[in-house]
Amino acid sequence: MAPVHPLLWRSLRVFQVYGANTDVGKTVFTTILCRAANDIWKKEQTTFLKPVSTGPGDEADDRHIERHAPGVDRTTLLQYDLAMSPHAAAKGKSVPSDKELLSKIYQFASRKASHGPGWLFIETAGGVHSPGPLGTTQADLYTALRCPVVLIADSKLGGISLTISAFESLKLRGYDVETILVFQDSEYNNEEYLKDYFTAYHGIPVASLPRPPARLDNRDTDTKAMSQYYQDESRSTATRSVLDHLNRKHQARIERLESMPGDACKQIWYPFTQHKLISPESIVAIDSARGDFFQTLVPRTGSAIDEKEPVLQPSFDGSASWWTQGLGHGNPSLTLSAAYAAGRYGHVMFAGAIHEPALALAETLLGGMKNPRLTRVFYSDNGSTGVEVAVKMALRAARLRYGWAANADIGIIGLKGGYHGDTIGAMDCAEPSTYNENIEWYNGRGIWFDYPRVKCVRGHWVVGIPEALRADLGNDQVFNHLSDVFDIDSRESREQHAVYEDYIERRLSHHIGNDRKFGALLMEPVVIGAGGMELVDPLFQRALVNVVRRSAKLFGSYPEADNLDPTSWTGLPVIFDEVFTGLYRLGRFSASSFLKTEADISVHAKLLTGGLVPLSTTLASESIFKAFESDDKADALLHGHSYTAHAIGCQVGLESVRQMQSMEKRGEWDWAKDVDWSGSPKSPSNAAKPEVWSIWPWDLLKCISNQTQLVAGTWALGSILAIHMNAADGLGYKSTAALSLQRALLDGNKEEMWNIHSRVLGNVLYIMGSQKTTKDDISEIASRIQRALTSH
């Protein structure tokens, strides 16, 4: 099934009517609006839609519209006989999924838009948080439709509080409340307070109308009285002013969306972008985002405007918004966590202080890592600065242990293509590359090992040895399943690591023999991210850690105690940059577990806050921490920023991590571990192998890997899919080999009106799901990828 579409057309003004509570007059106000719109815009169609209705059919709201707003089209999609909350009334009945219900709403609205200009008022049931048929509250159920809201206030005693609470619930979920309507009541006079409140604090107009006449016993007399009321109020200045306001807001929204790419091209300086190569046409305007999808402006294909075509379309967030998104855009629990911390703390000073979110998150991370070495958490603002902190920690510890001078030239040991951020210190930890070759202060400080890479080629998993290393490491190795590649114990029992370790020792001895000093081993475990989405042979990375840890005498002179604490660092401090690969991106809490080894320092960000706010943590061992202890403050770790451990980020991080841990415990990814999906046959021997899984199906990988004229290889792990295109230009990051595939996915399906937004790294196109991406969505996206490749 196609993703949920937003409801925005040039021809059709769509507004959703919410009530602050039940029995506040939603249907009365909606009838007035429908009748007035139908009278004013006589050549257009006005429509009333009730997605879910409960109670006897002859008392349904659409019947009320039929009686009192003649000429207005009206439809109810789901009618349940019992007059109670939809989730209760629907028990035992045929109930569509939330996605199916939203699809029905979109299809209905789309048909109306195709008939020409008009108005569509969608009336909800009960209050803002009244549950839908499956129990999802309406405030959460309807967010992806991205409808502007007419909120009906409660004019009764207690109504002020209910109305403000309803508004805040909608606001927290990204709804645009365009106007508020309320009945006049001389006893409580809520309308006066609400007008002042919403005008002063939110700039939202509040209109009040007289109450309808009291219900009369005689049905005909009652109907006549209500008809007169509707006639009067639909022609009132207040009602017409409301409709004029809604009409202007609709037009202004579209005009703003369409002007944004051009304005951005003149005013925004984009990251990682050569501005000489972009134009307004290449800039994607994002109206909103929900779940795994952006809602993006549909690009024009010519100068003519089709009023009946959608203005917005869903776009799958294929880069997980630069690897950060994990729990869905607009996740209400993360939003509420942020609001809670903002309301409780705002931002508070952290040095020499503590607050609950920072302490609770630190405890959760240290417990989740299950790494006995790690005891301390240092907070910073993003992955790059988190790595800089880690490097400062490691270099100090190594310098003091080996007695080097403070001005000694100390480098790091890393991997080719390893990239750790864009601040100067983090850049110096990477080999010369496109990212840093034109940076004036760049001074690469270290050595970088080339390594075997893992790809699926023609349906087999190949550990490919770079040509330059074959004399040392031998030829490629072929495995039947990816779990075989990650079966560290079995491979070590066959002595496959020995050739790696011998090579590493020889290279290190060579560099140290040339008077090089090294203060840390720094690498991204399992996957090299920005350096080309390379899946590294985990056995090589483990071998590198083992060699570094047992080679203290190689790095310097230090008498190591016989009873050295097993959690203390040896050789050199080992830093794992898990900014990208950690916190379930690869299917596990920590990517280090794939290597069956532990870091002395570990850096985390991106998924740490589920994709909502910036935050980074650098976890360190006690032996690293103690290197900074001294009677002199100058010896402390003098690093920080104004928003260190900001309570909002810590509270969101705590909620994010706990959610993902709960998902793992509940088995929410078991579908991706299924034999039919993963392609790994069940057998007694496989039961002992490490659990390696992906949300991307084996059938997709097998298909891609056999497109050998186009594809050099592919791999998938956790939520990541990487497609390495054959690159005749050989330009690496500058390669254009993947751009045509990226364009095909962005063009999407013109009939279903949705596409896939992705990023490329030179000849590599990668697509990333979130930790909440569904099997159905992955299946649909996988089909799109296959079609794009086979028609390439």
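Predicted model: local features only at pLDDT ≥ 70, side-chain atom pairs only at ≥ 80, totals over all residues.
Select residues 26-40 for α1 and residues 61-68 for α2; their axes come within 10 Å and cross at roughly 40°. Which hand does the crossing of α1 and α2 have? Turn the view and check: the crossing is right-handed.

Next stop, the aromatic rings. A search of the whole structure turns up 29 aromatic pairs. To see one of them, pick F486 and F594, whose ring centres are 5.1 Å apart with 55° between the planes, a tilted pair. Where do these two sit in the chain? F486 is in the loop between α16 (482-485) and α17 (488-493), while F594 is in the loop between β20 (574-577) and β21 (601-604), so the pair ties together parts that are 108 residues apart in sequence. Are F486 and F594 buried or exposed? Both of them are buried.

For a group of rings, select F167, Y193, Y197, F198 and Y201; ring pairs link these residues into a cluster.

While the loop between β20 and β21 is still in mind, click on Y584, which is found there too. Its phi is near 80°, a positive value in a residue other than glycine. Y584 has a relative accessible area of 2%, so this residue is buried.

M533 is another one to check for its backbone: phi is near 50°, again positive in a residue other than glycine. You'll find M533 in the loop between β18 (527-528) and β19 (534-535). With a relative accessible area of 0%, M533 is buried.

Last, go to H115, in the loop between α4 (98-114) and β4 (118-123). Is H115 buried or exposed? Its relative accessibility is 64%, so H115 counts as exposed. Before you leave, select A543 as well and draw a C-alpha to C-alpha distance from H115: the two are 67 Å apart in space and 428 residues apart in sequence.

How values were computed: Residues numbered from 1 in each chain as written. Heavy atoms only, no water. Axes fitted to C-alpha atoms, helices over the stretch in contact; angles between N-to-C directions. Helix = DSSP H or I, 4+ residues; strand = E, 2+ residues; numbered from the N terminus. Left-handed = near helix turned anticlockwise from the far one by under 90°. Phe/Tyr/Trp six-rings, centres within 6.5 Å; stacked < 30°, edge-to-face > 60°. Buried < 20%, exposed > 50% of the residue type's maximum accessible area, 1.4 Å probe, protein only.
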